[in-house]
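Work through each task with the model open, then read the solution.

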Amino acid sequence: MKQNLDKHKLSNGMMLLGERMEAVESVAFSFMLPTGASVMPAGCCGAANVISDWIFRGAGERDNRQLGDALDGLGLQRSGGVDSAHISVGAALEASNLSSAIDLYGDIILRAKLDDEQFAPARQLAIEGVKGLDDDPRHKVMLKLRKQFYPEPLGRSTAGEIADLEALTPETTRKIIVEKFNPAGIIFSVAGKYDFDAVVRQMEKLFGSSAAGRTKSLKTGASGGRYKHIPNDGAQVHIGLMTPTVLLQDKNYYNARIAVAVLSGGMGARLFTEVREKRGLCYAVGAQYHAMKEAAGITCYAGTTPDKAQQTFDVIVAEFNRLAEGISEEELGRAKVGLKSSLIMQSESSSSRAGSIAGDYYMLGRVRALDEIKAEIDKTSVDSVLTFLRKNRFKDFTVVTIGPREIKVE
Amino acid sequence: MKFKSHKLKNGLTVIGEVNKNAKSSAVGFFVKTGSRDEDLKINGVSHFLEHMVFKGTERLSPFAVNEAFDKTGAQYNAFTSEEGTVFYAAVLPEYLAEITQLWIEMMRPALRTEDFNIEKQVIKEEIAMYKDQPSFDVMDRCRELYFAGHPCGHSVLGSEESIDAMTAEQMRGYFSQRYAPNNMVVAFAGNFEWERIRDMVEAGCGGWKNQEVKRTITDTRGARDKQRLDKANLTREHICLMSPAVSAQSDKRFAASLLSVIVGDDVGSRFFWELVDKAIVETASFDFAPMDGTGAYCTYVRCSGENTAKTMKIIASIFADLTKAGVTEDELIKARNKVLSAFVIKNEIPMGRLVDLGFNWTYLGQYRLVEDDVKAVKAVTVAEINAILKEYPPGEFAQFSLGPAKNG
């Protein structure tokens, strides 16, 4: 598969990555700032969310409104968000506006105004977001599940905690920004139609003079308990469950991905077949691989009416357990072609590529070529997947439910 | 890009836009049937039928269908709206013929009673799932309130009662009336060989019988009622407003679409600056929903109970100002840039292109190049937007709210 990767490191350690795509007129870029939920100081859960809003409320010479107008004027399709390790900010746009957009983001990252009067609404929006989750049990159950599953601080809610948010001040938040916006930990990526030399020159000019700081490594503590139920008098019981698995950098990573695809890669996969097609227990059921740099798991969600909740849970766990008993060549074949097709189809989208190359660099310290990923997928066999599964059984499920009824978790 | 089209003797239209540079191909069957075409006694049948299409044919079991898709790595699904039912797949080019053949077969489903009974449980779970998503639930309820008896107000999912009462026989009757070849379009986008695909559709679908298919099309300006429902487990106020707008066939649809970005885009819009930026609401949107022969604007906001009155006052003043003073040139320029870049990015991917291709043919009976739509967006003036604001004032809305007891 033809692929054009670009790479350059600024003297202060900031990494620039690029992937040129011949067939598109658009470009997408992303800055991954090492300021995610897990690196916030204790008692500041949600600060990353506030920061990701506050930095857009005026930067450089522009006030809040002028900055918003300037971004809109370029027709940016903004993207971004907060995860455990990073705040990501970026956009997709028509290629001719890239340089103007990068200038604006340089201001946002290095010269945000961080005015006191703009802090209150940024914090209030974060609080509103957390409160809004109470009316969105499907989303909430997965946030609670990660908190329960991952050792502290990895699983911290990316939305935040109300008490911490209410206690947060502009001074504390400014201090966090100064400490954490370390250029050596920023990963910049661009994909689509662009001139890498020009991008490097511009980035050097904007970011080259900011000195590198030090990124501390994370110390992790304990995770939550095995089962947590949150009562809610809604229509369904929302079930989230998670079990540990290997990291992206592990030699068994592709075996794990195949196992998850056999379980839940498509409508012909086991969970959909057993839970929905044969028994009519759910509309939504599915499992996914979920990785951080320090820990990884397989997450599973199902939503079902209270009378069917226990059976749904039991069938799902039985399917996780049954994987190690054997998989067929046909199942392996479907899993492989599914993973490879989605890889190729994602490679048509500039936003998706910009996200992938930056994610790879953060997790692995390098960008995997698409051909390498395809070759690794091809290398897996029924034997390799089963050997992996038998040595790394899916067990020790962490479970969270939200709904009118609890379930029994063995 | 090369556009191709072909009409079979039974009225089935095949269209395709070939892009040899694409890494994937997309195929879609666009059936012109949705909840607006249902008798209320069988409300929800279009959507239920969409599920049943995946349950296979005389030759294929439900499991065989799923496995046949999965073994090509296809990204496939279907959706049903008030207006249409669309079945689609995006695949690597080497699998397009195989997947097209599969869809052709599936478009003549077995509709077995035993599958119908199991799937009924899944449909009822889907209804329950959306009850736990108040942002969806409130829009569904507002739509019914606004359309006040007009068929576009029919629920897509139907109710637990209508689904419980439905029989497989009734569904078979609906299928035979609505899935006629002259009531659907097959569309292709991306990297594919037109002649081969066209011949395949001709051979596979040429034997289907056409018949007279009707849809009642009347415009409506909707009702202006206001309702609120308490739900004990909710914590926020969810508000939906609907007001009249131009139809999917109107030349003014580009102006209406730009207006919706000016008023309610998630950043930089009037709602954003007046409501979200100031943290009065958590979220606010204003969408243009063009339909066959009619159209509506749809507002959704989520806020705390104590901010509800203030929020409604601000929205009323935004709407009043729009109708009185109109939008500005500066607002139009920004909205245009945003609409154009979103449009170009979406159309770079065959699956994104397929949707526009299929709907343009379904609603307008015409092929439009990406460039045609870009031109049309660029041509919209402030005066045109201000004229539709006078003709369709957004302040004349129906309102439905969902929230905890004792609020608002």
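**Exercise 1: the chain interface**

Contact is made between 58 residues of chain A and 50 residues of chain B, two residues being in contact if their C-beta atoms, placed from the backbone, lie within 7 Å. The model is predicted: local features need pLDDT of at least 70, side-chain atom pairs count only at pLDDT 80 or more, and totals for chains, interfaces and linings use all residues. Residues are numbered from 1 along each chain as its sequence is written, while chains are lettered from A and ligands numbered from 1 in the order in which they are written.

Task: Find which element gives the most to the side of chain A that touches chain B.

Solution. Step 1: list the elements of chain A that give two or more residues to this side; among them are H2, strand S4 (77-82), helix H4 (116-133) and helix H12 (329-346). Helices (H or I, at least four residues) and strands (E, at least two) are DSSP runs, numbered from the N terminus. Step 2: pick out H12(A), which gives the most, with nine residues. Step 3: sort the residues of this side into 17 nonpolar, 25 polar and 16 charged. Here Ala, Val, Leu, Ile, Met, Phe, Trp, Tyr, Cys and Pro count as nonpolar, Asp, Glu, Lys and Arg as charged, and the others, Gly among them, as polar.

**Exercise 2: a helix pair**

Task: Which residues of H2(A) and H12(B) meet?

Solution. Step 1: locate helix H2 (residues 64-73) of chain A and helix H12 (residues 329-347) of chain B. Step 2: from H2(A) take Asp69(A), Asp72(A) and Gly73(A); they meet Lys334(B), Asn337(B) and Lys338(B) of H12(B). Step 3: class these contact residues, which gives no nonpolar, two polar and four charged.

**Exercise 3: two domains of chain A**

Solution. Step 3: domain 1 of chain A puts 34 residues into the contact and domain 2 of chain A 29 residues. Step 4: H5(A) supplies the largest share of the domain 1 side, nine residues. Step 5: by class, that side of domain 1 has 22 nonpolar, eight polar and four charged residues.

**Exercise 4: around Ile99(B)**

Task: Which residues does Ile99(B) touch, not counting residues up to four places away in sequence?

Solution. Ile99(B) touches Val27(B), Thr72(B), Ala74(B), Ala89(B) and Val91(B).

Definitions and conventions
Axes are lines fitted to C-alpha atoms, for helices over the stretch in contact, and angles run from 0 to 180 degrees between N-to-C directions.
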